[in-house]
Amino acid sequence: MTIPDTPSLVPESEPREQAPAMGAAVGRGVAWMLINTGWSRAMSFAAQYFLAKWLSHGDFGVYSVAIAFGVFVHFFKDGGGRQLLIQRGLGEYPRLVGTVFWLALLFNLLAGGTLAAIAPAVARGYEDARYVPMLLLIAISMPLSTPGTILSAKLWMDLRARSL
């Protein structure tokens, strides 16, 4: 049994439009990701190295514990707003950006407030008052980072749209 030839929906006189090759775009994206990750890891290592050299063992220990508490609370930062904006894309960005900004700010205020609230308990638990100002500084930085986070979503979308 043979299947009869089905006519093409595109007339032969019109050339078929070829989709652009994605290999180059993917390669550029992977290269930038690797460069960014490598640079960020190298700078983080350098910062840790110099802090360990310049600070006493006790001071570096206080810094490390404060950063650990900050990282734990950092999981709740932005409430996923950046990822939502990127997922919805450039078409919906103008409509969503205001609402997402205020929700991300609320999440960041709650995360920073939680860190500020636990700062005295951490200081009492470790019997070191230096934890309070360090944790408060980390807490203050959380809401201040909201505009940068929202704008980085726009930059990411612009980069992705340009590459593809």
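Predicted model: local features only at pLDDT ≥ 70, side-chain atom pairs only at ≥ 80, totals over all residues.
## Overall fold

The chain is helical in its secondary structure: six helices and zero strands. Reading along the sequence gives the pattern α-α-α-α-α-α.

Of the 164 residues in the chain, 23% are buried. The chain exposes about 12,000 Å², and carbon and sulfur atoms supply 69% of that area. As for contacts, take the ones between residues at least 6 apart in sequence: 75% of them join residues at least 24 apart.

## H4 against H5

Helix H4 covers residues 93–126 and helix H5 covers residues 131–144; their axes come within 8 Å and cross at roughly 175°. With angles over 145 degrees counting as roughly antiparallel, H4 and H5 are therefore roughly antiparallel to each other.

On the H4 side, the residues meeting H5 include Leu105, Leu109, Leu115, Val122 and Tyr126.

## Salt bridges

The structure holds six salt bridges, and some of them share residues: Asp59, Asp128 and Arg130 are linked in a network. Asp59 and Arg130 meet through their side chains at 2.2 Å, N to O. Asp59 sits in helix H2 and Arg130 in the loop between H4 and H5, so this pair ties together parts that are 71 residues apart in sequence.

Arg130 also pairs with Asp128, where the closest N and O atoms are 2.7 Å apart.

Lys154 and Asp158 are four residues apart in H6 (residues 146–163), so about one helical turn separates them. Lys154 is partly exposed, with a relative accessible area of 27%, and Asp158 is partly exposed as well, at 33%.

## A nonpolar patch

Which residues make the nonpolar surface patch? Ile67, Val71, Phe72, Phe75 and Phe76 do, over about 560 Å². Val71 belongs to helix H2, which spans residues 57–74. At 46% relative accessibility, Val71 counts as partly exposed, and patch residues need over 30% relative accessible area.

Methods:
Residues numbered from 1 in each chain as written. Heavy atoms only, no water. Patch = residues over 30% accessible without salt bridge, like charges linked within 9 Å, V, L, I, M, F, W, Y side chains within 5 Å. Areas by Shrake-Rupley, 256 points an atom, 1.4 Å probe, with all protein chains shown as cover. Salt bridge = Lys/Arg side-chain N within 4 Å of Asp/Glu carboxyl O. Helix = DSSP H or I, 4+ residues; strand = E, 2+ residues; numbered from the N terminus. Buried < 20%, exposed > 50% of the residue type's maximum accessible area, 1.4 Å probe, protein only. Axes fitted to C-alpha atoms, helices over the stretch in contact; angles between N-to-C directions. Parallel < 35°, antiparallel > 145°, perpendicular 65-115°, else oblique. Contact = heavy atoms within 4.5 Å.
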